[in-house]
Amino acid sequence: MKNQTSRGSVALIGAPVDGGAGLSGCIMGPAALRVAGLATSLTDLGFEVDDLGDVTPDQVSLKLAGATHHENEVAGFARALNRQGYAALKSGATPIFLGGDHSLAMGSVTGVAKYAAEIGKKLHVLWLDAHPDFNTPTTSTSGNMHGMSAALFCGELGFDGVLEEPIHPVDPSNYHVFGARSIDDEEGALLRSRGVDVMDMRRIDERGVVSLINSVLDAVREDDAMLHVSLDVDFLDPQFAPGVGTTVPGGATYREAHLAMEMISDSGMMTSMDLVELNPYLDERGKSARMLVALTESGFGRRVFDRPTSTG
């Protein structure tokens, strides 16, 4: 039964970018999330949903140091998403960015950070991902820019010209990577030197989801900060979500992922969200798209015991 009392406004912002990834297909991600019923699910939970469609990337001409690929496409989307995300927050909505590969966070997170700075708030970022995406154009071994998003929004050098104006960098100590299990050598050294909060799967196994997610939420609460949650399909073990081009075994289980999202919902502190790296071409009959929608529902108030049993 639909909740008749509005619980707030959500803005869906599509980002069909796949130039930052190594495999094509993420361009279809926003459409797949819509087909999987994301807007209807959030409406049924009592939210007013405004689907703003897909952003049109800016025309950009730049050249970064290093062997980066498709930097103009990535920068074009980043600029458009930066503006649209900022505007959505300014209007009072909670933006959900529908990807598209993880390079979209160059725009989504920086737009949120701009708004946070404007209202005098800190921003924490919870990165649910097998990869910390903290490479720079000169440390990356692949040149794929979906592995550089966090380095950009944390203020690392080497990204001049990607955005139109200087960013408000996220303090690396307020960047929380949850679920990491694939980190490049130079990337790892940079993470350690910057003091990034990296919670890899071993640490999760040792301390548990509840303890670690609470540590992040406590830090956000102590700072009275905004919280951006960036959910990559490969956060999950591939058996639960195969529709991603960067599968890494040993990821979060169905229940661990839902528990994390339920705790985020309980905190009431999430102010924006990414859903990224969904590649429908690699998916199995929409399995990964449905999983992302279900996890989003958990992040916005639904509980697993509220869900009807799947029949297919």
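**Strand 4 and its partners**

I began with strand 4 and strand 5 (residues 175–180), which run parallel and are joined by four bridges. I counted two strands as paired if DSSP finds at least two bridges between them. Leu126 stands opposite His176 of strand 5.

This is a predicted model, in which local features need pLDDT of at least 70 and side-chain atom pairs pLDDT 80 or more, while totals for chains, interfaces and linings use all residues. Residues are numbered from 1 along each chain as its sequence is written, and side-chain values use heavy atoms, without hydrogens or water.

I then looked at the pairing with strand 7. Six bridges join strand 4 to strand 7, again in parallel. Leu123 faces Met226 there.

Is strand 4 buried or exposed? I found six of its six residues (123–128) buried, so the rest of the structure largely encloses it. Buried here means under 20% relative accessible area, exposed over 50%, and partly exposed in between, with a 1.4 Å probe and protein chains only. Both faces are covered. Leu123, Val125 and Trp127 are buried on one side, and His124, Leu126 and Leu128 on the other.

I counted five bridges in its parallel pairing with strand 2. Ser9 stands opposite Glu48 there. Six bridges join strand 1 to strand 3, also in parallel. Val10 has Thr94 as its bridge partner in strand 3.

Strand 3 (residues 94–99) pairs in parallel with strand 8 (residues 270–276) over three bridges. Leu98 stands opposite Leu275.

**Leu295 in helix 10**

I ended on helix 10, where Leu295 sits. Which residues does Leu295 contact, leaving aside neighbours within four places in sequence? I listed Leu231, Leu236, Ala257, His258 and Met261. Contact means heavy atoms within 4.5 Å. Leu295 is buried, with a relative accessible area of 0%. Its C-alpha atom is separated by 15 Å from that of Leu126, 169 residues apart along the chain.

Terms used:
Helix = DSSP H or I, 4+ residues; strand = E, 2+ residues; numbered from the N terminus.
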